[in-house]
Amino acid sequence: MLKIHRALTLPFVLVVLVVSALAGVPTDQLRQRVDEVVRVLDDPSAKAKPAQRRAAVRKISEEIFDYPDTAKRALGQHWSARTPEEQQEFVALFADLLDRAYFSKIDRYQGEKVRYGAESINGNEAIVKTMIVTKAGSEIPIDYRMHMTDGRWLVYDVNIEGVSLVSNYRTQFNKIVQTESYQTLIQKLKAKDAESAPSNR
């Protein structure tokens, strides 16, 4: 089965509770969406309806992450060989993969604190630096790489302690495609999706 590296699950979870932020536009837009996620997760009535809760978080996540661009980067050299229909299918499955990583770990990491640090903007690209402060007092640097798309700043990669989310997925996907096949990768992604679909709801 497709394995999800620890570094691939953390970025979607550890952004949840914010203590402070600089006033830059990319940081502000990220923080606003995260606040929306927090409100959904803190809603007692939503906890009794896991499928609806997940759908609500997913809807907000689509305002945080550029799923199509991140999926394209993660598939790497194999993207151009796919038909438009295959690309569309892969984006949907990849978005589900990120969504599960976000949702399945969310409760475990509640209570962690996030400090926003420096923000750098270069044209249509930006990096928002954050620091996770764990309950044990250790610090984990998380950098969000963002770009301007249709007037919004969206995340296209997350760097955790020097490790790129996109690079990690690209390595996993490339190995499966080269040693087995692209269809095997799709089957694995579909299997993971079926495994973790929430019961109603």
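In which strand is the place of Asp143?

1. Asp143 sits in strand β4, which covers residues 139–149. The model is a predicted one, and the remarks that follow should be read as remarks on a prediction.

2. Is Asp143 buried or exposed? Its relative accessibility is 14%; because buried means under 20% relative accessible area, Asp143 counts as buried. The side chain of Asp143 has a polar partner: a contact of 3.0 Å joins it to the side chain of Lys129.

3. Leaving aside residues up to four places away in sequence, Asp143 touches Ile127, Val128, Lys129 and Thr130, and also Asp157, Val158 and Asn159.

4. On the overall fold, the protein chain has 8 helices and 6 strands. Read from the N terminus, the order of elements is α-β-α-α-α-α-α-β-β-β-β-β-α-α.

5. The protein chain has 201 residues, of which 48% count as buried. Of the contacts between residues at least 6 apart in sequence, 62% join residues at least 24 apart.

6. The buried residues of α7 are Leu165, Val166, Asn168, Tyr169, Gln172, Phe173, Asn174, Ile176 and Val177. At the start of this helix, the backbone nitrogen of Val166 has a side-chain oxygen of Ser164 within 3.3 Å.

7. Asp43 is placed in the loop that lies between α2 (25–41) and α3 (44–47). With a relative accessible area of 33%, Asp43 is partly exposed, because that class lies between the buried limit of 20% and the exposed limit of 50%.

8. Which side chain makes a polar contact with the side chain of Asp43? The partner is Ser45, at 2.8 Å. Asp43 and Arg53 are 10 residues apart in sequence, and their C-alpha atoms are 9.2 Å apart in space.

How values were computed. Residues numbered from 1 in each chain as written. Predicted model: local features only at pLDDT ≥ 70, side-chain atom pairs only at ≥ 80, totals over all residues. Heavy atoms only, no water. Helix = DSSP H or I, 4+ residues; strand = E, 2+ residues; numbered from the N terminus. Buried < 20%, exposed > 50% of the residue type's maximum accessible area, 1.4 Å probe, protein only. Polar contact = N/O pair within 3.5 Å; in protein donor to acceptor, adjacent residues only side chain to side chain. Contact = heavy atoms within 4.5 Å.
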